[in-house]
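Hi everyone, thanks for coming. Please have a look at the sequence and the model on the screen, and I'll walk you through a few places in it.

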Amino acid sequence: FSELMIVGFYSYSSLHDALLMHASAVCVNDKAVVFTAASGVGKTTQAELWHKHRRATIINGDKVFLAEESGKFVAWGSPWKGSSPYAENMGVEASAIIVLEQAEENSIRKLSGMETLEKLLPHVFFPNWDPRCEKAVFDLLSTLLERVDVYLLRCRPDEDAVALTEKTVF
């Protein structure tokens with residue numbers, strides 16, 4: 001039943017300027033940083049590191065809505081938190097989307113062009129059974145990528161990854 005609710009909600013949301021991502025998000029200094037990756041890579045771990053080292057509020061640990069509101073994109077928590085304990089009912093303007101990969105050394109770089117789509121698309125929920133919804137997600141994603149920077153963070157689960165990301169994004 002919960003899966004059906006999620007599917008219904010993100011299908012409906014796609015027609016109302018919001019898309020759902022497999023992501024975690026934190027609020028720091030009234031801005032959101034969104035972390036996306038495959039399950040088990042470290043989305044929730046990065047959010048917890050930001051909470052520990054920057055006193056960030058963890059908005060959600062698994063499913064985040066990105067909604068276009070007044071020309072900005074807002075990261076919203078959802079009631080669906082996966083295996084994480086975090087699900088806040090709050091929305092904060094998104095400063096960046098961070099695609100995570102585990103690595104021996106921390107590095108970050110801004111993504112552009114097709115590489116952005118290649119790294120980001122697997123983490124966006126697409127209601128592909130309805131052409132209107134699917135087109136709405138693609139259109140919204142196009143606008144999102146014009147307004148919100150996307151980075152690739154290859155990292156260890158440590159405070160240095162937080163500092164590097166913070167310096168780059170802010």
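Let me begin with a term: a nonpolar core is a set of buried Ala, Val, Leu, Ile, Met, Phe, Trp, Tyr and Cys residues joined through side-chain atoms within 4.5 Å. Buried means under 20% relative accessible area, exposed means over 50%, and partly exposed is in between, with a 1.4 Å probe and protein chains only. Before we go on, this is a predicted model, where local features need pLDDT of at least 70 and side-chain atom pairs count only at pLDDT 80 or more, while totals for chains, interfaces and linings use all residues. Residues are numbered from 1 along each chain as its sequence is written, and side-chain values use heavy atoms, with hydrogens and water left out.

So, which residues touch the most other members of the largest nonpolar core? They are Met21, Leu66 and Ile97, in a core of 27 residues. Several elements give two or more residues to this core, among them strand 1 (18-28), strand 4 (63-69), strand 6 (91-102) and helix 4. Helices (H or I, at least four residues) and strands (E, at least two) are DSSP runs, numbered from the N terminus. Strand 1 supplies the largest share of the core, five residues. As background, nonpolar side chains in soluble globular proteins tend to be buried together.

Take Leu66 as an example. Leaving aside residues up to four places away in sequence, Leu66 touches a list of partners including Met21, Val34, Phe73, Ile97, Leu140 and Leu144; contact here means heavy atoms within 4.5 Å. There is also a second, separate core of 20 residues, and Val26, Val33, Ala47 and Ala56 are included in it.

Now for the aromatic rings. The structure holds six aromatic pairs. Rings of Phe, Tyr and Trp (its six-membered ring) pair if their centres lie within 6.5 Å; planes under 30 degrees apart count as stacked, over 60 as edge-to-face and the rest as tilted. The ring centres of Tyr10 and Phe125 are 5.4 Å apart and the planes are at 50 degrees, so this pair is tilted. Tyr10 sits in helix 1 (residues 2-14) and Phe125 in the loop between helix 3 (113-120) and helix 4 (131-147), so the pair ties together parts that are 115 residues apart in sequence. Tyr10 is buried, at 8% relative accessible area, and Phe125 is partly exposed at 23%. Tyr10 also pairs with Trp129: their centres are 6.1 Å apart and the planes are at 55 degrees, so that pair is tilted too. Elsewhere, Phe9, Phe65 and Trp80 form one aromatic cluster.

Next, helix 3. Which of its residues are buried? Thr116, Lys119 and Leu120 are. They cover an arc of only 90 degrees around the axis, which puts them on the same side of helix 3; the arc is that of the directions from the helix axis to the C-beta atoms. Met114 and Glu118, on the other side of helix 3, are exposed. The cover over the buried residues includes strand 1, strand 2, strand 6, helix 4 and strand 8.

Last, two backbone details. Most residues other than glycine have a negative phi. Asp17, in the loop between helix 1 and strand 1, has a positive phi of about 65 degrees although it is not a glycine. Ser70, in the loop between strand 4 and strand 5, has a positive phi of about 55 degrees. Asp17 is partly exposed at 42% relative accessible area, and Ser70 is exposed at 79%.
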